Amino acid sequence: MFVNSNLHISRRSFLLAGGGLAAAGLLRSWPVRSADIQELRIAAVPARAPLTGETHPDTEVWAYDAKVPGPVLRLRQGDPVRIVVENQLTQETTVHWHGIRLPIAMDGVPGLSQVPIKPAERFAYEFTPPDAGTFWYHPHANSLEQLGRGLAGVLIVDERDPVPVDRDILWMLSDWRLTTDGQIAAGFGNHMEAAMSGRVGNMVTLNGTVPTGERVRAGERVRLRLVNGSLARLMALRFEGHRPVVVAVDGQPCDPHEPDDGRVLLGPAMRVDVMLVMQGEPGRSYAVTDDFYDGLGYTLTRLNYAEGAPVRATPLDIAFRLPPNPLPEPDLATAERHEITLQGGMMGGGKLSGVGGISGMATPGMDGQAAWAIDGMSMTGDGQAGMPPLFTIQRGRSVVLTIRNETAWWHPMHFHGHSLKILTRNGSPVPHRQWNDTILFAPKDIVECAFVADNPGDWMLHCHVMDHQMAGLMTVLRIA
Ligand code: C2O
Ligand code: CU
Ligand code: CU
């Protein structure tokens, strides 16, 4: 039996939503040409993948189209797409299109936005991506294990007009915990780990395999799309001999800028697009390192320059700006304000006390045990029907959220269905006009962000360290 989303209903409700927003002047409406909806298909299947390269036998994984990462889905900004997902696993799944501003029925959260896809069934996701940029897709059912076993892929929405670069390179970075024979270690949902840094692994792959180096040519201007698809590993990349310029964060263009200390910081689920001018010498090799964890730095990969003269005599300007996306600008003067507090974890001032708690039904191995809470409430699992919203926002309102991390741990906090404009961090204005769908919090950080609540639905706000989400660092905001 197949579960299909109804084409007519979803198209009509989307058009209604789009029309309303366009009327409110919030979202540019793209023409929908019903004749040529792009149709894509992916299947979640058990498979084997060469994660470790030649050194070990292939690893048993769960993967989209039997590939790790799954196929790169390439969409065009403003063009409707229909993506049919087939579940060939022996457990339920869903797909979440991380960072895409789409209708709630296509958001992929079990119970909250759709009935999960049962084994041997399908679901057709339909949406029109309003924003160009670098996004990704992953399951939202049994997320810790399904993502941890390899179900993830990159979704690129191309700008209406091509961006003038010599090459567009994608690095999908994933962290794995492998046994000595190269298989994925058991023990997903360890409660101790969930209350600390989460399931950080012991091997990082680049586009699904041990990095072997990137071949480049002197003088090239490259758009490098970085995606951290890890369960829990944070990354801070440095490019020896190069000066990466950040041009987009979580898919959304920002003012081009060099990152602080030259480190590109990437929490789980975050994406950063950098422009790199290949300013090295022909024939030489330059290290790209990740030194996020003190004393645990390693060489991620290398930029290996081909011999021969630079491709051009004068390097192209690196500080160019990507075309803006049609994001609604929050009106700070009339915005409603809310505070949200992240609580719990080990060494964060003791145990969770007086936590209300609603426990997920789908937390295998975790017994619905909460280690974290948002405003005193622990919602565990991946999402389910009937999760009470933390608060309700009237549609169309501008909102300012002040999110405080009271814990002793880092959290990449992700909000579904919207991009958040970052206003301040620990009281200082955040420059470069950055919009995130996933905001990285250092221990004790306080971040102020704003958005227009233009997308009706019950939207998840959760930590993207998967064990943290499963163990209670999750809530729902309702836009009605
Ligand atoms: Cu990428 Cu709710 O997640
Ligand atoms: Cu998301
Ligand atoms: Cu977290």
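**Close-up 1. The hairpin of strands β25 and β26 in the predicted model**. Strands β25 and β26 form a hairpin with two residues between them, and Asn426 in the turn has a positive phi of about 50°. Helices (H or I, at least four residues) and strands (E, at least two) are DSSP runs, numbered from the N terminus. β25 and β26 (residues 428-429) run antiparallel and are joined by two bridges; two strands are taken as paired if DSSP finds at least two bridges between them. Within this pairing, Thr424 stands opposite Pro429 in β26. This is a predicted model, in which local features need pLDDT of at least 70 and side-chain atom pairs count only at pLDDT 80 or more, while totals for chains, interfaces and linings use all residues; side-chain values use heavy atoms, with hydrogens and water left out. Residues are numbered from 1 along each chain as its sequence is written, and chains are lettered from A and ligands numbered from 1 in the order in which they are written.

**Close-up 2. Strand β25 and its pairing with β27 and β29**. Strand β29 (residues 446-452) runs antiparallel to β25, with four bridges joining the two, and Cys449 in β29 lies opposite Ile422. β25 also pairs in the antiparallel sense with strand β27 (residues 435-436), over two bridges; here Trp435 is the bridge partner of Lys421. Five of the six residues of β25 (residues 420-425) are buried, so this strand is largely enclosed by the rest of the structure. Buried means under 20% relative accessible area, exposed over 50%, and partly exposed in between (1.4 Å probe, protein chains only).

**Close-up 3. The copper ion (ligand 3) and its donors**. His411 (ND1), Cys463 (SG) and His468 (ND1) coordinate this ion at 2.0 to 2.1 Å. Donors are N, O and S atoms within 2.8 Å of the metal (3.2 Å for Na, K and Ca); water is not among the atoms, so sites may look incomplete. The donor residues are spaced H-x51-C-x4-H in sequence. His411 in strand β24 and His468 in helix α4 (residues 466-470) are 57 residues apart, and the pair links distant parts of the chain. Both His411 and His468 are buried.

**Close-up 4. The copper ion (ligand 2) between two histidines**.
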